[in-house]
Amino acid sequence: MKQLLSRIRSLIVLLAVFLSASVVHAQRELSQNMDGFNSASRLTGNVDERPVKDSTVVERTVPKDYTQWKMNPLTGLMDSYEPDTLPSNFFRLHMTEGMKGTYNSLGNMGSPRLSRIFMERQDAADFIFDSPYDFFIKNPQDFRYTDTKTPHVNLTYFKGGNKQTGEEHIKGYFAANFGKNTGIGIDMDYLLGRGRYDNQSTSMFDARAYGYHHREIYNIQGSFNVDEIKVAENGGITDDRFITRPEAMAQGKKQYAPEDIPVVLYSNWNNLKRKQFSLVQSLDIRRNVLITDSIADTVLTHTEYTTVSTAAHTFQAGTLQRRFISYYTPENYYQNQYLRADSLDRFRDFYMDNTISLSLHEGFSKWAVAGMTAYARHELRSYTMSDTLKTGIQREFSKRVNEFNLVAGGIIERETGKNVALRFQGETVLLGEDFADFDLNGQARISVPFLQQNISLTGKATLKAQNPTYFMRHYHSEHIWWDREDLNKEITTRLEGILDVEKTRTRLWAGVANIGNYTYLADNAAAKKHAVAVNQASGSLQVININLDQNFRLGPFNWENSLTYQFSSDKDILPLPDFNVYSNAYLKFTYAKQLRIELGADMTWFSEYYAPDYSAAAGQFVLQNSNDRVKVGGYPLANVYANCTLRGVRFYVMMYHVNDGALKNRNAFWAPHYPMAPQVVKFGLSWTFYD
């Protein structure tokens, strides 16, 4: 406890120094950059003080207005996007475990992750190796376009630890317009997690460029991106007691430094390379409307144009590649070997999609009470991986398989209703490999006034049948191999309800899911060995999720809480923690009228359960081997922080895992055999430059 108090005192001193330096730096910046005001001028101590301006200086106002949107690949229309400018919780933006700590990871920035909250999990990506990196990977439909009055650049930088074992993350974008109709931009993202444990490093790079041209009735926008992800795989630590009971190990230390703890794998890497291109073009169909106005005795008539519908075409193509490199493997680590020792497994997915759509806009006439869209999509997939001409390890070659789907669907959406919003979507596969797959989903939201604010109730329903993806049906590599044409479609029914009460800052969410033919990966090997295989449950599984978000505010004191309860009808097949808790308490105030400060601490905790293990060879989370299962959870991870905003510039400093060692790290693991990162100081900065 004395050690913990000492660390907290050190952190408080560090925060005070950091905040003081920030204010001084801000004052210097103001003195150097204001018109007619230089560093030699005197300040009275107010950072918002304005100098007396020289009459010969011409004031220039730089407009800072801009809008952002994403392209809907089904409708070809723009969906507005809210830029990330909120100051609160900025300190959690870079965390792999998520904004509320709901993801299991391997303990390093950029490592693979999987949500503990079942309803939060996304459908498996067609290229399944992308799924564990969903926090970093952005597909074309996730990319933001920017329309700006002034060219601007945003830079965001995060750092934690030292140069040997620390982590860094820098990302930013540039946006500029040529007149009102044309814009271009570049978006870049680079992450480096060196890792506190051996052979744990991550390196991720993403770069994308876009351009658009908008006319009165014709719009076109395109983007191109490249991604490369390199992750060193260490297979976890060799013995959990280095964390849970260090005194029981050979050297009998009270605590082991991370770099002194041996790991299972060395010289093993997962490598993903991705290239994607997207082009969306649309044509508005309008009608003329005569508008008559009367001014005194004069009657004026003019013509206005109303957009009735939009025809659109979306083209997307990409090449996704994954390599698993294993230069060293412990003896008897894997149960099977299907190919000659090559040390390299290769997987490739080339895709090309064409979607055409016709949308009737909501409100173009008094009868158009909702918008309607009909669309058709052709999907082409080409998969490549290793194969052999006959059973055994003879005559390996690279095999390519082509598949296609023809999909038809429709959307009905009402957004302009005063208190009611509706959206229904349905699609099915008419021809192709996934014939008879379907997805039906609907959402309705009702909003009513309550004490000068709103209460909203949202209901969601989903019914879908999905054929397991290609790499769930077929997988060939040196140590993992299956062909499962016998897998049935996975059928999922979900019902969800959300109650939002603005006045009390309450959000209650409940959901229930029924899953037939649940398909999953598991380690089916003998004890102490590894042999990943795909399994499919017979019958149905049921999942219940209940989440309560309750926030409190009393003067400068704020307390945000998120509590989740989960039930799984078969925890041997679908293990979930019963409870997950996130709590964040902080003081919020303003210093010198300009510097907004949040001083606080947050905590993540989840109950013990048999969490999925991580397979380096498959690059996926899998069920633990039934002969050698361990539980994780029951351990709180706490951070203390100062989160600040000064004239639109966001920055923070925090002590991550401040309670490291205080509870003897009884079970400080995110995933089996992968410890949480040790205590470290982190900071971050986000700054937007205009013109």
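Reader: What makes the contact between the side chains of Arg208 and Asp206 a salt bridge?

Author: The model is a predicted one. In it, the N to O distance between the side chains of Arg208 and Asp206 is 3.1 Å. The criterion asks for a side-chain nitrogen of Lys or Arg within 4 Å of a carboxyl oxygen of Asp or Glu, so the pair is called a salt bridge. Arg208 and Asp206 are both buried.

Reader: How many salt bridges does the structure hold?

Author: There are 27 salt bridges in the structure. One of them joins Glu168 to Arg194, with the closest N and O atoms 2.9 Å apart. This pair links distant parts of the chain, 26 residues apart: Glu168 belongs to strand 7 (residues 167–178), and Arg194 to the loop between strand 8 (182–193) and strand 9 (202–214).

Reader: Why is Glu168 called partly exposed?

Author: Glu168 has a relative accessibility of 22%. Buried means under 20% and exposed means over 50%, so Glu168, with its 22%, is placed in between, as partly exposed. Arg194, at 21% relative accessibility, also counts as partly exposed.

Reader: What ties Asp353 to Arg381?

Author: The side chains of Asp353 and Arg381 meet in a salt bridge with an N to O distance of 2.8 Å. Because Asp353 lies in strand 13 (residues 344–360) and Arg381 in strand 14 (residues 371–388), the pair ties together parts that are 28 residues apart in sequence. Salt bridges with shared partners join Asp126, Asp353 and Arg381 into one network.

Reader: Why are Asp353 and Arg381 called buried?

Author: The relative accessible area of Asp353 is 11%, and that of Arg381 is 14%. Buried means under 20%, so both residues receive that term.

Reader: Why is the ring pair of Phe127 and Phe129 named as it is?

Author: A search of the whole structure finds 35 aromatic pairs. In the pair of Phe127 and Phe129, the ring centres are 5.1 Å apart and the planes stand at 70°. The centres must lie within 6.5 Å, and planes over 60 degrees apart count as edge-to-face, so this pair is edge-to-face. Phe127 and Phe129 are both buried.

Reader: What makes the pair of Tyr338 and Trp481 tilted?

Author: The ring centres of Tyr338 and Trp481 are 5.8 Å apart, with the planes at 40°. Stacked needs under 30 degrees and edge-to-face over 60, so the pair is tilted. It links distant parts of the chain, 143 residues apart, with Tyr338 in the loop between strand 12 (298–326) and strand 13, and Trp481 in strand 20 (residues 481–483).

Reader: How do you know that Arg629 lies over the face of Tyr610?

Author: Arg629 is 3.8 Å from the ring centre of Tyr610. The distance criterion is within 6 Å of the ring centre, and Arg629 is reported as lying over the face.

Reader: What sets Lys593 apart in its backbone, and is Lys593 buried or exposed?

Author: Phi of Lys593 is near 65°, a positive value in a residue other than glycine. Lys593 is found in the loop between strand 27 (579–591) and strand 28 (595–606). Its relative accessibility is 68% and exposed means over 50%, so Lys593 counts as exposed.

How values were computed: Residues numbered from 1 in each chain as written. Predicted model: local features only at pLDDT ≥ 70, side-chain atom pairs only at ≥ 80, totals over all residues. Heavy atoms only, no water. Helix = DSSP H or I, 4+ residues; strand = E, 2+ residues; numbered from the N terminus. Buried < 20%, exposed > 50% of the residue type's maximum accessible area, 1.4 Å probe, protein only. Phe/Tyr/Trp six-rings, centres within 6.5 Å; stacked < 30°, edge-to-face > 60°. Lys NZ or Arg CZ within 6 Å of the ring centre and 35° of its normal.
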